[in-house]
Amino acid sequence: MTDYNQISDEAFRTTVRTFFEQNYPAHLRFTARRLRWEEIKGWYLTLSGKGWIAPNWPREHGGMGLSPQKMIIYFEEIERWGIARAPDHGIVQVGPILIKFGSDAQKREYLPRILAGEYIFCQGYSEPNAGSDLASLRTEAVRDGGHFVINGQKIWTTLAQESTHMYILVRTDKQAKKQEGISFMLLDMKTPGVTVRPIRNLAGHEEFCEVFLENVRVPAQNLVGELNRGWTIAKALLSYERINIGSPRRPQYALKRLALLARSKGLFDDPGFVDKFTQLQLDMADLASIYARYVEVVKRGEALGQDVSLLKIWAMETWQRLSELLLETAQEYGCVTGEIDFDGVKVDVLSPFYYSRPATIYGGSSEIQRNILAKYVLNLPS
(Lines give C-alpha, C1' and ligand atoms only; values in the text may rest on other atoms or scores of the structure.)
Protein backbone atom coordinates (compact mmCIF):
# COMPACT_ATOMS: atom_id res chain seq x y z
CA MET A 1 0.00 0.00 0.00
CA THR A 2 1.27 3.46 -0.90
CA ASP A 3 2.71 5.55 1.92
CA TYR A 4 1.18 8.90 1.03
CA ASN A 5 3.19 10.64 3.74
CA GLN A 6 6.28 10.19 1.57
CA ILE A 7 5.01 12.36 -1.27
CA SER A 8 4.72 16.14 -1.26
CA ASP A 9 1.59 17.87 -0.03
CA GLU A 10 0.98 19.26 -3.52
CA ALA A 11 1.26 15.84 -5.14
CA PHE A 12 -1.01 14.30 -2.53
CA ARG A 13 -3.64 17.00 -3.01
CA THR A 14 -3.58 16.48 -6.77
CA THR A 15 -3.92 12.71 -6.35
CA VAL A 16 -6.87 13.01 -3.97
CA ARG A 17 -8.58 15.75 -5.96
CA THR A 18 -8.31 13.84 -9.23
CA PHE A 19 -9.70 10.65 -7.71
CA PHE A 20 -12.62 12.41 -6.05
CA GLU A 21 -13.55 14.36 -9.17
CA GLN A 22 -13.40 11.27 -11.37
CA ASN A 23 -15.19 8.84 -9.06
CA TYR A 24 -17.64 10.58 -6.71
CA PRO A 25 -21.24 10.54 -8.03
CA ALA A 26 -22.13 14.02 -9.26
CA HIS A 27 -25.73 13.82 -8.05
CA LEU A 28 -24.53 13.31 -4.45
CA ARG A 29 -22.43 16.49 -4.29
CA PHE A 30 -23.28 19.05 -1.60
CA THR A 31 -26.28 17.20 -0.19
CA ALA A 32 -28.30 19.16 2.36
CA ARG A 33 -29.09 16.13 4.51
CA ARG A 34 -27.41 13.04 5.93
CA LEU A 35 -27.50 10.35 3.23
CA ARG A 36 -28.82 6.89 3.96
CA TRP A 37 -26.62 3.82 3.63
CA GLU A 38 -28.08 2.64 0.33
CA GLU A 39 -27.47 6.08 -1.21
CA ILE A 40 -23.82 6.33 -0.16
CA LYS A 41 -22.89 2.63 -0.06
CA GLY A 42 -21.38 2.63 -3.54
CA TRP A 43 -19.02 5.46 -2.67
CA TYR A 44 -18.07 3.81 0.64
CA LEU A 45 -17.14 0.64 -1.24
CA THR A 46 -15.23 2.66 -3.85
CA LEU A 47 -13.10 4.24 -1.11
CA SER A 48 -12.71 0.87 0.58
CA GLY A 49 -11.50 -0.74 -2.63
CA LYS A 50 -9.02 2.09 -3.09
CA GLY A 51 -7.76 1.66 0.50
CA TRP A 52 -8.91 5.19 1.38
CA ILE A 53 -11.91 4.55 3.63
CA ALA A 54 -9.91 4.86 6.88
CA PRO A 55 -7.44 7.75 6.58
CA ASN A 56 -7.04 7.81 10.38
CA TRP A 57 -6.15 4.11 10.83
CA PRO A 58 -2.57 2.79 10.84
CA ARG A 59 -1.50 1.19 7.58
CA GLU A 60 -0.96 -2.18 9.24
CA HIS A 61 -4.68 -2.32 9.99
CA GLY A 62 -5.79 -1.34 6.50
CA GLY A 63 -5.84 2.44 6.90
CA MET A 64 -4.00 5.19 5.08
CA GLY A 65 -1.96 6.19 8.14
CA LEU A 66 -1.99 9.83 7.09
CA SER A 67 0.02 12.49 8.87
CA PRO A 68 -1.99 15.38 10.33
CA GLN A 69 -1.12 17.65 7.40
CA LYS A 70 -2.15 15.01 4.86
CA MET A 71 -5.33 14.37 6.84
CA ILE A 72 -6.22 18.06 6.63
CA ILE A 73 -5.66 18.01 2.87
CA TYR A 74 -7.79 14.87 2.52
CA PHE A 75 -10.73 16.46 4.33
CA GLU A 76 -10.27 19.78 2.57
CA GLU A 77 -10.69 18.00 -0.76
CA ILE A 78 -13.72 16.10 0.53
CA GLU A 79 -15.29 19.43 1.45
CA ARG A 80 -14.22 21.20 -1.75
CA TRP A 81 -15.94 18.56 -3.88
CA GLY A 82 -19.03 18.37 -1.67
CA ILE A 83 -18.65 14.70 -0.73
CA ALA A 84 -21.32 13.51 1.68
CA ARG A 85 -20.52 11.86 4.99
CA ALA A 86 -21.04 8.10 4.93
CA PRO A 87 -22.05 6.15 8.08
CA ASP A 88 -18.61 6.31 9.70
CA HIS A 89 -18.91 5.44 13.39
CA GLY A 90 -17.05 2.21 12.68
CA ILE A 91 -14.24 4.06 10.95
CA VAL A 92 -13.72 7.08 13.19
CA GLN A 93 -14.65 5.58 16.57
CA VAL A 94 -14.92 1.78 16.82
CA GLY A 95 -11.83 1.06 14.74
CA PRO A 96 -9.43 3.22 16.77
CA ILE A 97 -10.92 1.85 20.01
CA LEU A 98 -10.46 -1.78 18.95
CA ILE A 99 -6.95 -1.07 17.71
CA LYS A 100 -6.09 0.30 21.15
CA PHE A 101 -8.25 -1.77 23.54
CA GLY A 102 -9.63 -4.74 21.60
CA SER A 103 -8.52 -8.36 21.75
CA ASP A 104 -6.77 -9.95 18.79
CA ALA A 105 -9.95 -11.92 18.06
CA GLN A 106 -12.03 -8.73 18.05
CA LYS A 107 -9.60 -7.02 15.70
CA ARG A 108 -9.72 -9.99 13.31
CA GLU A 109 -13.51 -10.12 13.45
CA TYR A 110 -14.44 -6.46 13.20
CA LEU A 111 -11.72 -4.37 11.55
CA PRO A 112 -11.79 -6.00 8.08
CA ARG A 113 -15.58 -6.02 8.03
CA ILE A 114 -15.78 -2.35 9.01
CA LEU A 115 -13.43 -1.50 6.16
CA ALA A 116 -15.49 -3.62 3.76
CA GLY A 117 -18.77 -1.97 4.73
CA GLU A 118 -20.17 -5.27 6.07
CA TYR A 119 -20.44 -3.93 9.64
CA ILE A 120 -22.06 -0.50 10.02
CA PHE A 121 -22.00 0.81 13.60
CA CYS A 122 -24.19 3.18 15.56
CA GLN A 123 -23.47 4.61 19.01
CA GLY A 124 -25.36 3.37 22.08
CA TYR A 125 -24.40 6.08 24.55
CA SER A 126 -27.08 8.68 25.37
CA GLU A 127 -30.21 7.78 27.31
CA PRO A 128 -33.34 9.78 28.18
CA ASN A 129 -31.79 10.74 31.53
CA ALA A 130 -28.11 10.40 30.66
CA GLY A 131 -26.96 12.78 27.95
CA SER A 132 -24.18 15.19 28.88
CA ASP A 133 -24.08 13.39 32.25
CA LEU A 134 -23.39 10.12 30.48
CA ALA A 135 -22.09 8.36 33.60
CA SER A 136 -25.68 8.36 34.93
CA LEU A 137 -26.70 5.76 32.33
CA ARG A 138 -29.09 3.03 33.53
CA THR A 139 -29.04 0.47 30.74
CA GLU A 140 -27.94 -2.67 32.56
CA ALA A 141 -26.03 -5.80 31.53
CA VAL A 142 -26.16 -8.87 33.80
CA ARG A 143 -23.83 -11.84 33.29
CA ASP A 144 -25.61 -15.12 32.51
CA GLY A 145 -23.14 -17.86 31.70
CA GLY A 146 -21.45 -17.08 28.40
CA HIS A 147 -23.63 -14.03 27.75
CA PHE A 148 -24.60 -10.66 29.14
CA VAL A 149 -28.32 -9.88 29.23
CA ILE A 150 -29.02 -6.22 28.45
CA ASN A 151 -32.12 -4.23 29.39
CA GLY A 152 -32.58 -0.50 28.89
CA GLN A 153 -33.02 2.29 26.35
CA LYS A 154 -30.76 4.48 24.21
CA ILE A 155 -31.72 7.67 22.39
CA TRP A 156 -30.38 10.05 19.70
CA THR A 157 -28.79 7.00 18.07
CA THR A 158 -27.74 8.18 14.62
CA LEU A 159 -28.98 5.97 11.74
CA ALA A 160 -29.62 3.03 14.05
CA GLN A 161 -32.32 1.85 11.64
CA GLU A 162 -29.63 1.09 9.05
CA SER A 163 -26.82 -0.13 11.29
CA THR A 164 -25.74 -3.74 11.62
CA HIS A 165 -24.04 -3.23 15.00
CA MET A 166 -23.96 -0.92 17.99
CA TYR A 167 -21.15 -0.10 20.37
CA ILE A 168 -22.86 0.33 23.70
CA LEU A 169 -22.15 1.48 27.23
CA VAL A 170 -23.91 -0.57 29.89
CA ARG A 171 -23.94 -0.68 33.67
CA THR A 172 -22.44 -3.94 34.92
CA ASP A 173 -22.01 -3.03 38.60
CA LYS A 174 -24.84 -1.07 40.21
CA GLN A 175 -23.02 -0.85 43.55
CA ALA A 176 -19.88 0.85 42.26
CA LYS A 177 -19.44 4.58 41.77
CA LYS A 178 -21.19 5.47 38.56
CA GLN A 179 -18.07 5.79 36.40
CA GLU A 180 -16.58 2.59 37.82
CA GLY A 181 -19.47 0.22 37.10
CA ILE A 182 -19.71 0.72 33.33
CA SER A 183 -18.61 -1.65 30.56
CA PHE A 184 -18.17 -1.25 26.78
CA MET A 185 -19.66 -3.90 24.48
CA LEU A 186 -20.38 -4.62 20.84
CA LEU A 187 -23.93 -5.60 19.91
CA ASP A 188 -25.40 -7.16 16.77
CA MET A 189 -28.56 -5.16 15.96
CA LYS A 190 -30.31 -8.32 14.72
CA THR A 191 -30.19 -9.81 18.20
CA PRO A 192 -33.72 -10.62 19.50
CA GLY A 193 -35.02 -7.93 21.86
CA VAL A 194 -33.59 -4.92 19.98
CA THR A 195 -36.28 -2.46 18.80
CA VAL A 196 -35.46 0.68 16.81
CA ARG A 197 -37.82 3.65 16.53
CA PRO A 198 -36.77 6.56 14.24
CA ILE A 199 -37.13 10.19 15.39
CA ARG A 200 -38.09 12.85 12.82
CA ASN A 201 -36.03 16.05 13.13
CA LEU A 202 -36.85 19.71 12.37
CA ALA A 203 -35.75 19.32 8.76
CA GLY A 204 -38.15 16.40 8.32
CA HIS A 205 -35.48 13.68 8.21
CA GLU A 206 -35.22 10.55 10.35
CA GLU A 207 -31.53 10.70 11.21
CA PHE A 208 -31.84 9.85 14.93
CA CYS A 209 -33.51 6.90 16.64
CA GLU A 210 -34.60 5.51 19.97
CA VAL A 211 -33.35 1.99 20.67
CA PHE A 212 -35.10 -0.28 23.18
CA LEU A 213 -33.28 -3.32 24.58
CA GLU A 214 -35.31 -6.06 26.25
CA ASN A 215 -33.46 -9.17 27.47
CA VAL A 216 -30.90 -8.83 24.71
CA ARG A 217 -28.27 -11.58 24.96
CA VAL A 218 -24.76 -10.49 23.98
CA PRO A 219 -21.86 -13.00 23.91
CA ALA A 220 -19.34 -12.36 26.66
CA GLN A 221 -16.54 -12.14 24.08
CA ASN A 222 -18.15 -8.92 22.84
CA LEU A 223 -16.95 -7.14 25.96
CA VAL A 224 -14.19 -4.73 24.93
CA GLY A 225 -11.47 -4.25 27.52
CA GLU A 226 -12.04 -5.17 31.16
CA LEU A 227 -15.36 -5.60 32.92
CA ASN A 228 -16.42 -2.41 34.74
CA ARG A 229 -13.60 -0.45 33.08
CA GLY A 230 -15.62 0.83 30.15
CA TRP A 231 -15.46 4.45 31.27
CA THR A 232 -11.79 4.61 30.31
CA ILE A 233 -12.71 3.41 26.82
CA ALA A 234 -15.70 5.76 26.72
CA LYS A 235 -13.52 8.76 27.50
CA ALA A 236 -11.03 7.78 24.80
CA LEU A 237 -13.84 7.34 22.31
CA LEU A 238 -15.40 10.66 23.26
CA SER A 239 -12.02 12.24 22.55
CA TYR A 240 -12.04 10.69 19.08
CA GLU A 241 -15.64 11.82 18.67
CA ARG A 242 -14.77 15.39 19.63
CA ILE A 243 -12.00 15.37 17.04
CA ASN A 244 -14.50 14.16 14.44
CA ILE A 245 -17.16 16.65 15.56
CA GLY A 246 -14.48 19.32 15.70
CA SER A 247 -13.46 18.77 12.09
CA PRO A 248 -13.58 21.97 10.01
CA ARG A 249 -15.65 20.10 7.42
CA ARG A 250 -19.18 21.22 8.32
CA PRO A 251 -18.31 24.85 9.07
CA GLN A 252 -16.35 24.92 5.81
CA TYR A 253 -19.47 23.81 3.95
CA ALA A 254 -21.46 26.65 5.48
CA LEU A 255 -18.65 29.11 4.68
CA LYS A 256 -18.62 28.04 1.04
CA ARG A 257 -22.41 28.38 0.80
CA LEU A 258 -22.15 31.83 2.37
CA ALA A 259 -19.45 32.91 -0.09
CA LEU A 260 -21.52 31.73 -3.07
CA LEU A 261 -24.59 33.56 -1.82
CA ALA A 262 -22.67 36.76 -1.03
CA ARG A 263 -21.00 36.76 -4.42
CA SER A 264 -24.33 36.35 -6.22
CA LYS A 265 -25.73 39.33 -4.27
CA GLY A 266 -22.64 41.53 -4.73
CA LEU A 267 -22.05 41.74 -0.99
CA PHE A 268 -18.26 41.66 -1.22
CA ASP A 269 -18.55 45.34 -2.10
CA ASP A 270 -20.29 45.97 1.23
CA PRO A 271 -17.69 46.80 3.96
CA GLY A 272 -20.07 45.77 6.72
CA PHE A 273 -20.59 42.30 5.26
CA VAL A 274 -16.91 41.90 4.40
CA ASP A 275 -16.03 42.61 8.04
CA LYS A 276 -18.37 39.86 9.29
CA PHE A 277 -17.24 37.42 6.61
CA THR A 278 -13.54 38.05 7.27
CA GLN A 279 -13.99 37.47 10.99
CA LEU A 280 -15.60 34.10 10.28
CA GLN A 281 -12.81 33.24 7.84
CA LEU A 282 -10.30 33.92 10.61
CA ASP A 283 -12.35 31.77 12.99
CA MET A 284 -12.16 28.98 10.42
CA ALA A 285 -8.40 29.38 10.13
CA ASP A 286 -8.12 29.08 13.91
CA LEU A 287 -10.31 25.97 13.81
CA ALA A 288 -8.16 24.31 11.15
CA SER A 289 -5.03 25.04 13.20
CA ILE A 290 -6.51 23.64 16.42
CA TYR A 291 -7.83 20.59 14.58
CA ALA A 292 -4.41 19.83 13.09
CA ARG A 293 -2.86 20.05 16.54
CA TYR A 294 -5.16 17.40 18.02
CA VAL A 295 -4.87 15.13 14.98
CA GLU A 296 -1.10 15.22 15.55
CA VAL A 297 -1.59 14.06 19.16
CA VAL A 298 -3.72 11.12 18.03
CA LYS A 299 -1.27 10.19 15.28
CA ARG A 300 1.54 10.03 17.85
CA GLY A 301 -0.57 7.54 19.81
CA GLU A 302 -0.82 9.85 22.79
CA ALA A 303 -3.87 10.30 25.00
CA LEU A 304 -5.89 13.43 24.40
CA GLY A 305 -6.18 15.77 27.35
CA GLN A 306 -9.27 17.48 28.67
CA ASP A 307 -8.36 20.52 26.58
CA VAL A 308 -9.80 18.77 23.49
CA SER A 309 -13.12 20.21 24.69
CA LEU A 310 -11.89 23.50 23.24
CA LEU A 311 -12.01 22.00 19.74
CA LYS A 312 -15.61 20.88 20.09
CA ILE A 313 -16.75 24.28 21.41
CA TRP A 314 -14.97 26.29 18.74
CA ALA A 315 -16.04 24.11 15.82
CA MET A 316 -19.71 23.93 16.72
CA GLU A 317 -20.11 27.57 17.74
CA THR A 318 -18.28 28.72 14.61
CA TRP A 319 -20.66 26.56 12.56
CA GLN A 320 -23.63 28.18 14.25
CA ARG A 321 -22.31 31.70 13.65
CA LEU A 322 -21.80 30.89 9.98
CA SER A 323 -25.28 29.45 9.61
CA GLU A 324 -26.79 32.52 11.24
CA LEU A 325 -24.99 34.89 8.86
CA LEU A 326 -26.11 32.67 5.98
CA LEU A 327 -29.75 33.19 6.98
CA GLU A 328 -29.20 36.92 7.50
CA THR A 329 -27.61 37.22 4.07
CA ALA A 330 -30.50 35.35 2.43
CA GLN A 331 -32.88 37.97 3.87
CA GLU A 332 -36.54 37.07 3.12
CA TYR A 333 -35.47 33.67 1.73
CA GLY A 334 -33.90 32.65 5.04
CA CYS A 335 -37.05 30.75 6.03
CA VAL A 336 -37.43 28.81 2.78
CA THR A 337 -36.52 25.12 2.76
CA GLY A 338 -34.57 23.48 -0.04
CA GLU A 339 -32.33 25.02 -2.66
CA ILE A 340 -33.02 28.63 -3.64
CA ASP A 341 -31.91 30.13 -6.94
CA PHE A 342 -30.02 33.39 -6.38
CA ASP A 343 -29.35 34.69 -9.90
CA GLY A 344 -28.25 31.29 -11.15
CA VAL A 345 -26.52 30.20 -7.94
CA LYS A 346 -28.44 27.53 -6.01
CA VAL A 347 -27.94 27.57 -2.25
CA ASP A 348 -29.70 25.69 0.55
CA VAL A 349 -29.58 28.32 3.28
CA LEU A 350 -31.77 26.67 5.91
CA SER A 351 -30.27 23.18 6.30
CA PRO A 352 -26.94 24.38 7.79
CA PHE A 353 -28.96 26.35 10.35
CA TYR A 354 -31.12 23.34 11.26
CA TYR A 355 -28.18 20.96 11.56
CA SER A 356 -25.98 23.35 13.54
CA ARG A 357 -28.64 23.98 16.20
CA PRO A 358 -28.15 20.72 18.15
CA ALA A 359 -24.39 20.74 17.49
CA THR A 360 -23.63 22.53 20.76
CA ILE A 361 -25.58 19.81 22.61
CA TYR A 362 -24.61 16.43 21.16
CA GLY A 363 -21.20 15.00 21.97
CA GLY A 364 -21.31 16.90 25.26
CA SER A 365 -22.96 20.30 25.49
CA SER A 366 -20.94 23.51 25.30
CA GLU A 367 -21.80 24.17 28.94
CA ILE A 368 -20.34 20.82 29.97
CA GLN A 369 -17.27 21.38 27.79
CA ARG A 370 -16.66 24.77 29.41
CA ASN A 371 -16.96 23.21 32.86
CA ILE A 372 -14.36 20.61 31.86
CA LEU A 373 -11.98 23.32 30.67
CA ALA A 374 -12.55 25.38 33.80
CA LYS A 375 -11.96 22.48 36.18
CA TYR A 376 -9.27 20.38 34.52
CA VAL A 377 -7.39 22.88 32.35
CA LEU A 378 -7.68 26.20 34.15
CA ASN A 379 -7.90 24.59 37.62
CA LEU A 380 -10.73 26.91 38.65
CA PRO A 381 -12.74 26.01 41.76
CA SER A 382 -15.96 24.04 41.28
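The structure is a predicted model, in which local features need pLDDT of at least 70 and side-chain atom pairs count only at pLDDT 80 or more, while totals for chains, interfaces and linings use all residues. Residues are numbered from 1 along each chain as its sequence is written, and side-chain values use heavy atoms, with hydrogens and water left out.

Let's begin with helix H1, which spans residues 9-23. Helices here (H or I, at least four residues) and strands (E, at least two) are DSSP runs, numbered from the N terminus. Two packed helices are described by the angle between their axes and the distance between the axes. The axes of H1 and helix H3 (residues 68-80) come within 10 Å and cross at roughly 30°. That makes H1 roughly parallel to H3 (angles under 35 degrees count as roughly parallel, over 145 as roughly antiparallel, 65 to 115 as roughly perpendicular and the rest as oblique). Axes are lines fitted to C-alpha atoms, for helices over the stretch in contact, and the angles run from 0 to 180 degrees between N-to-C directions.

Which residues in H1 meet H3? They are Asp9, Phe12, Arg13, Val16, Arg17, Phe20 and Glu21, and across from them in H3 sit Gln69, Lys70, Ile73, Tyr74, Glu76, Glu77, Ile78 and Arg80. Contact means heavy atoms within 4.5 Å. Sorted by class, the contact of H1 with H3 has 6 nonpolar, 1 polar and 8 charged residues; Ala, Val, Leu, Ile, Met, Phe, Trp, Tyr, Cys and Pro count as nonpolar, Asp, Glu, Lys and Arg as charged, and the others, Gly among them, as polar.

H1 also has helix H2 (residues 37-50) as a partner: their axes come within 12 Å and cross at roughly 140°. On the H1 side the contact is made by Phe19, Phe20 and Asn23, and on the H2 side by Trp43, Thr46, Leu47 and Lys50. This contact divides into 4 nonpolar, 2 polar and 1 charged.

Now move along to helix H4 (residues 89-101), which has a kink of about 30° at Gly95, shortly before the proline Pro96. The bend at a residue is the angle between axes fitted to the seven residues ending there and the seven starting there. H4 is largely enclosed by the rest of the structure, because 11 of its 13 residues are buried (under 20% relative accessible area, with exposed being over 50% and partly exposed in between, for a 1.4 Å probe and protein chains only). Gly95 and Pro96 are among those buried residues, as is His89.

Some single residues come next. Is Leu159 buried or exposed? Leu159 is buried, at a relative accessible area of 4%, and it lies in the loop between strand E3 (147-154) and strand E4 (165-171). Leu159 has a positive phi of about 50° although it is not a glycine. Asn215, in strand E7 (residues 208-219), likewise has a positive phi, near 55°, but Asn215 is partly exposed at 49%.

In the loop between strand E6 (194-199) and E7 you'll find His205, partly exposed at 28% relative accessibility. Not counting residues up to four places away in sequence, His205 touches Arg33, Ile199, Arg200 and Tyr355.

Finally, look for Pro352 in helix H10 (residues 351-356). Pro352 is buried, at 6% relative accessibility. Its C-alpha atom is separated by 5.6 Å from that of Ser323, 29 residues apart along the chain. Leaving aside neighbours within four places in sequence, Pro352 is in contact with Tyr253, Ala254, Trp319, Ser323 and Leu326.
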